[in-house]
Each structure stands twice: as structure tokens, then as C-alpha cells.
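Please open the model in your viewer and keep the selection tool at hand. The tour goes from one selection to the next and says what is found at each stop.

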Amino acid sequence: MTLAFAILAALIVVSAVAAMTLRNLVHCALCLAVAFIGLAGTYLQLGAQFVGLSQVLVYVGAVAILIVFAILLTRSGEPGPGRQFSATALMGVAIALAVFAVLGKVITSSAVAKRGVLPAPQTSVAQLGQKLMTDYILPLEVLALLLTAAMIGAVIIALKEKESAK
Amino acid sequence: MSAEAIDQIFITLKHAILGWLAPYLPDWLMPIVSAVLSITPILMVFPLVFALTTVVERKVLGRIQNRPGPNRVGIPLTNIRLAGFGQFIADGIKALIKEDVVPRNADKVVHFLAPIALVIPVLLAYSVLPIGKNMTALDLDSGVLFFFAVGSATELSVFMAGWSSRNKYALLGAMRAIAQMVSYELPLVLSTVGVIMMTGTLSTAKIVDAQAGGFWHWHAATPWGFAAFFLFLIAATAEANRTPFDLPEAESEIIAGYFTEYSGFKFALFFLGEYLGLFAMSGLGITLFLGGWHAPLPALEVVPSWIWFFLKLGVFILFFIWLRGTFPRLRMDQLMNLAWKFMVPLTLITIVAAGVWRFMDPGATRCLTVTAMIVVPYLLLSNALYTARGVGKRTYRYAE
């Protein structure tokens, strides 16, 4: 474990825990953004430049903004009264640990774990682009069509509301 | 000393310092020292350019508005006035010693972090800009992607500033700023796609290499590149919140937008971040479309490459000041219409045009085809949008 990984791991864990436990929702969203940045740092450290930079571009630049806007538009950022933890919090922790234990057991005993550590592939952005534009062109196009259709659908739904309001 | 040696003087200097320090420092420290040596000039030069720009901007705006602009402050305790170029030192001292007012209800931590969260990504963006030959602090394989990734992180800092101030004008300004930045990020990124397709790389240094050998090799000298360059300029102006796209801080409507509640040095940091963002965006425009650090004529390559970069940057800065002095501010609906109905379709067309340019044989036919591919949709689109607005000749009714 290198020093850089230790710093990034600590950053991710601390900000993720803060994102779950802080009272103010906007603070939670900002902590989540810090966790996203930490994850992007981990990807970059693993040599996956494209994934790391896309992580920042999409999650910090778009998803985090979407979350804070959703919070602002639906409710105030101030925490409401009442307890933060539900009465069955301990039970939840126990169930989560049990699920983790089962998953861990299954994964360590599976064929994937016995395969050993593979040598890290050297994938550049150019290679990724080549693959996407040659071998995986059909899935890419289908995906693009699907996303475009979804976007146009969203725009049409928004338009109809506007007309009925008039 | 040869021209080549003067061009590479900073690289030589860095290697000399590293070689001199090597016997005294442990091995694991050397990469860090090397990084610090690469970063320090960026941290020194660009804030200085910012400081000078504040004076130049006020002087040029003054000239446009028929007044002298700052012309008094020179060297303290002497009568030397330097034509007002001492102004930025006085401004800096003022910002440092001013009281830092934080609203009582403000979210103190987020309020404190917002200017920092703005300046750090903006400074990071400089690490991939090739300032001169062999002078890219961080030559990443995906440099352009890195630039846009860190650029998109600034939106969150704008939100932090606007939300934590607990001020309706600040929040309104932040909302406007984010809506604008999100909308114009799309044409900004799309306008660079043509260049990336043509050079086949995302590395900023390689994109500059592809434009060597005179201004007719620059991407802005091709029809698709010219169109993409203009779309990039418009989107960059909007992304940097400059007039005519300065709605987020429209002082006549919402005081100062998201940094209304900032004073003293935190305000100076916002100011710095905004201008550094503009310079970084200009730097990217120079890199992608205007040949980076290359001289416009091969004969002029004797002049060091970094001088060419800063000359081009100076032209960009003067251009943005000129825009600010002459254009009125857009309205919110005009801003959004321009981005989604005009810029996005046109950037998509330039991408297709760039593809056609790539696969046709060089010659006059290619030039004409690609030009027509851009000019015809441009005319049709602007004509359709103009008619759709229902604007005709203004008619007046008088009391009879």
C-alpha cells in the first residue's frame, strides 16, 4: 500500500462517512462530491486516465450539481427535528455486516479469486477510442440512440406541462 | 547564445537546479522538487498577468468610455507614476488588509472553502497548457479531457459560494452561473472535437506539434476550424462569465451575484479565479486553434516560443476587454436560446464538416464543400431563429 493510496483511501472513507452522517443535506452532497474526487484520484493512480477524468467530468461536474439542485428545489437544506438514527439502526448494521460476510466468502471461494493477480494492462485513451470505434461500434451506437431518445422524451414531457399550464 | 538556447532557457535552468540539488537530497524527494520547480513559474507568472490585466482592463475600458482610467499610482514615495501601473500593488495591499466580513447566518465552513475550491481547479488546468516548446508542466495523454474535467469542478464552488452566503442575490447569482456554465460547457467541449479528430490525440503538446510551420497550418485557418474557433470563443466567454454573458454577477440586478457576501482577500480570490479561468480558457483556445507556441511564420521561430504564447494570450485578453467595453448584457432567455438552439447545432455541424475535410483530397473543391457545409446551415439556422422570434420592423402608434 503506497502513501498516495493511503491518503486517497482515507479521504474517500472519511468523506463518505461524513456524507452519510452529517445533518445538513447540502453538506452531505458536498462531502459526496469529495468522495467522487477521491475515487477519481484512485482511478488515475491505477493508470486509468479516461475513467478517472470522466469520473470528475460526470460525477463532480454534473451529478453533484444535479443532487444539490434537487435538494434546493425540493426542500430547505436545514435539518428537520427528530433523531438522526432510526431505532433499528443496530439491526441494519448487523444485516449489512452479514451480507458483507456472505459476499466476501462467496467471492474468495470463487474462480475469480483463484485466478491470481493479472498483470495491469496498459490501456491508453487512444486504444479505448479505437476499440469503441471498431469492435464495439454497434453497442456504442445503440447506447447513443437510447440516450438521445431518453433526452428527447424528457424534453417532450417538459414541453407538454408548459402547454397545459397556459 | 543561440535562439534555441534562449528558447529552452527555463528547461535548462530547471535541469541545472535539479542537478545541483541531487547530491544533497534523498531520491524520493527529487520528483517532488521537480514538480515544485514546474509549478512555481505557473503560480508566479499567471497571477502577475492577472494583476497587470486588472490595470490594462481599466485603462482600455476608460479609453473606450472617453476617460483616462487609472493613471496616478506609481512607485510609492516618489513622483514616478508608471502611467498607473502601480495600481495593482495598491489594490492587492488593500484586499489583504481589508476586514473580512462573514454574514452572521452564513455557513462558515462552506463560505470559507468556496474561494479555495474555485482557485485550485483553475490552477490545475494550467498544468496541461503548453506554454512553450517542451514547457508543459504535465504532458498527459488525455490533456484536453483533463482540462475540461477540472474546469467542470469549478461549478460546485460557485454553488458553495452562493448557497453558504444565505443571501438571495448570492443564491440567484449561483443558480444563473451554474445554468449558464452547464449550458455552455456542451458547445465548448463539442467545438474542440473537430481538432481532436483531426490530430488524433488528446495530448495538448501533440496538438501543438500538429500545427507547426506557419499560420496556414493552424486549425483556425481551415473552414471548419475557423467556425469551431469562433464557437469556442463564444462558449469560452460564457464559461468565464465575461460580458456579454455576465448575468451571474449582473451588478445592476443582483449586486454581485454569488460573491455578494465576500469581502477582503476572499473576494480577491474570486476575482483571481475568474481571471485565471479566462486565461486558461484562452490558453486552450491558443493551443487548439492558433498553433500554441508556434510562430505565425517559420522565419519568426527565432523568437522564443513562450514569447509567442504570451503574445497570443495578450491578444486574447485585449479581445475580451474590447468585448466587455462594447457589448450589452444578454437576457436570460436569449442566453439559453443562443446556447441550445444556435451553438449546439452549429458545433455538431462543424464536427461533421471536420470529418468531411479529413477524408476529401486537398484542393479548392474540399475548401468550398466544407465552407458551404458550414455557411449554409448557419444562414438557414440564424434566419429561422430570427423569424421564429417574430421580430419585424418596429411600428409606432401615436395618439391622434
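Begin with chain B, where the centres of domain 1 and domain 2, taken over C-alpha atoms, are separated by 23 Å. To colour them, select residues 9–97 of chain B for domain 1 and 101–385 for domain 2, bounds that come from an automatic or database domain assignment. This is a predicted model, in which local features need pLDDT of at least 70 and side-chain atom pairs count only at pLDDT 80 or more, while totals for chains, interfaces and linings use all residues. Residues are numbered from 1 along each chain as its sequence is written, and chains are lettered from A and ligands numbered from 1 in the order in which they are written.

Next, look at where these domains of chain B touch: 16 residues of domain 1 are in contact with 18 residues of domain 2 (contact means C-beta atoms, placed from the backbone, within 7 Å). On the domain 1 side, the elements of chain B giving two or more residues are α2 (9–21), α3 (30–64) and α4 (87–97), helices being DSSP runs of H or I with at least four residues, numbered from the N terminus. The largest share of that side, 12 residues, comes from α3(B).

To see the contact, show A:Val60, A:Gly61, A:Ala64, A:Ile65 and A:Val68, which meet B:Glu155, B:Leu156 and B:Phe159.

Conventions. Two residues are in contact if their C-beta atoms, placed from the backbone, lie within 7 Å.
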